[in-house]
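This briefing is for a reader new to the structure shown below. Please look over the sequence and the model before reading on.

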Amino acid sequence: MSSSDHAADPGRPRDASRRDDLEALSRALLAITEQTATREVLQMIVESARSLVRSEYAALGLPDERGRFAEFYASGISPEQWQAIGPLPRAHGLLSVMMAQARPYRAEDVQADPRFSGWPAAHPPMRGFLGVPIVDRGEIMGAIYVANGPDAPVFGDEDERLLGILAAHAAIALTRARMFERDRELTLVAERARIARDLHDAVAQKLFSLRLTVGAAEALTVKGDRDRAHEQFARVKELAGSALDELRAVVTELRPPAVREDGLVPALRKHVAVISRAHPVRVRFTSDCDGRCELPGEVEDVVFRVAQEALHNALRHAEPGRVDVDLSTSDHEVVLVVADDGKGFDGDPARDGGHHLGLASMHERARQAGGRLRVDSRPGAGTTLRLEVPHE
């Protein structure tokens, strides 16, 4: 008998209890399919799993390319408990089993399992355990975990069945959410290209006109024609103001996509995924944050912008076969490293011209954030960019 059966009113018919389960499942699935943002979908799945089998705790983990947790969501644990528990789990013990095998796992006492590797002291006690993988066409996308049923010491067949249905629909919802995010990123990439064209067509032409007008004003000044020179300088002022307005409009459109909504690591992971699909280059992203970098918003914006520009420079100019993006954090500093095996370059990376304008912009972003940027490159030996930004 399942914990769902135990939780039912003993005076009610079994069919009525089953109808309650099906109605709860139907509500959960409808709620999930109404969401579009990945974070909202995942949290809704966790809440639905906990409600569906009436467990005390529920969680959902998604693996990264190394089999560790890229993202982890939970229900039943308070913010104060999260803070006391500390960093996210790194797919150890039983949690990692679901990341490697596409079949459910049940335990009457999770702590008695030989693969149990312990929890932080602040972790709430858990006994009964059920884990169900989220699988799509043979790919393990993640896993749903529930712990501590309402009465039974172990979750039953009906709990596993219900959670399996939820996991199957979760795979569909998660794929749908990822497609939505990918489409949004692709739209932003296309929009970036459009803005670049607008920048060239509008601002570059105005700056070219500005340069010619300054030259004409200087020549008239030398000739002593002060009235006509004054007219030209007035035109310079007008052109400069117009170019500034154009630049402000462009900058407004180039805000980092979803960094503040999703967080730095998910935003970078999605951006790298989009870049990988758009270019025949192996682009790899790694991070020690496991999806929960507690960084100030302005620091996240700077790091994302530099990573975005560094990737753009590498793919456009370096002709690499591989680009590695690594993000690491400590209590006081975040470090971003973007390394490629491309053709590299020689000389001053901050000088004007070519893609070095992008490097100069990244140096300025680092400076404004109180950090520093170091670029190491040699012809034929690739380029490594290292950004270090302090934070409170």
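**Strand pairing around β8**

Strand β7 (residues 322-329) and strand β8 (residues 333-340) run antiparallel and are joined by 7 bridges. Strands here are DSSP runs of E with at least two residues, helices are runs of H or I with at least four, and both are numbered from the N terminus. Two strands count as paired if DSSP finds at least two bridges between them.

This is a predicted model, in which local features need pLDDT of at least 70 and side-chain atom pairs count only at pLDDT 80 or more, while totals for chains, interfaces and linings use all residues. Residues are numbered from 1 along each chain as its sequence is written, and side-chain values use heavy atoms, with hydrogens and water left out.

**Neighbours of β8**

- The link between β7 and β8 is a hairpin through 3 residues.
- Opposite V334 in β8 stands T329.
- A339 in β8 is the bridge partner of D324.
- Strand β8 is also joined to β10 by 8 bridges, and these two strands run antiparallel.
- V335 has E388 in β10 as its bridge partner.

- An open sheet is formed by 5 strands in the order β6-β7-β8-β10-β9, with mixed pairing.
- Its edge strands, β6 (282-287) and β9 (372-377), each pair on one side only.
- From one strand to the next, the twist averages 10°.
- Helix α10 (residues 297-318) packs on the sheet and touches β6, β7, β8, β9 and β10 (383-390).
- The direction of α10 makes about 5° with that of β8, where axes are lines fitted to C-alpha atoms (for helices over the stretch in contact) and angles run from 0 to 180 degrees between N-to-C directions.

**The whole chain**

- The protein chain has 11 helices and 10 strands.
- It has 392 residues, of which 45% count as buried.
- Among contacts (heavy atoms within 4.5 Å) with a separation of 6 or more in the protein chain, 65% are between residues 24 or more positions apart.
- The chain exposes about 20,300 Å², and carbon and sulfur atoms supply 52% of that area, which is computed by the Shrake-Rupley method with a 1.4 Å probe.

Conventions
Buried < 20%, exposed > 50% of the residue type's maximum accessible area, 1.4 Å probe, protein only.
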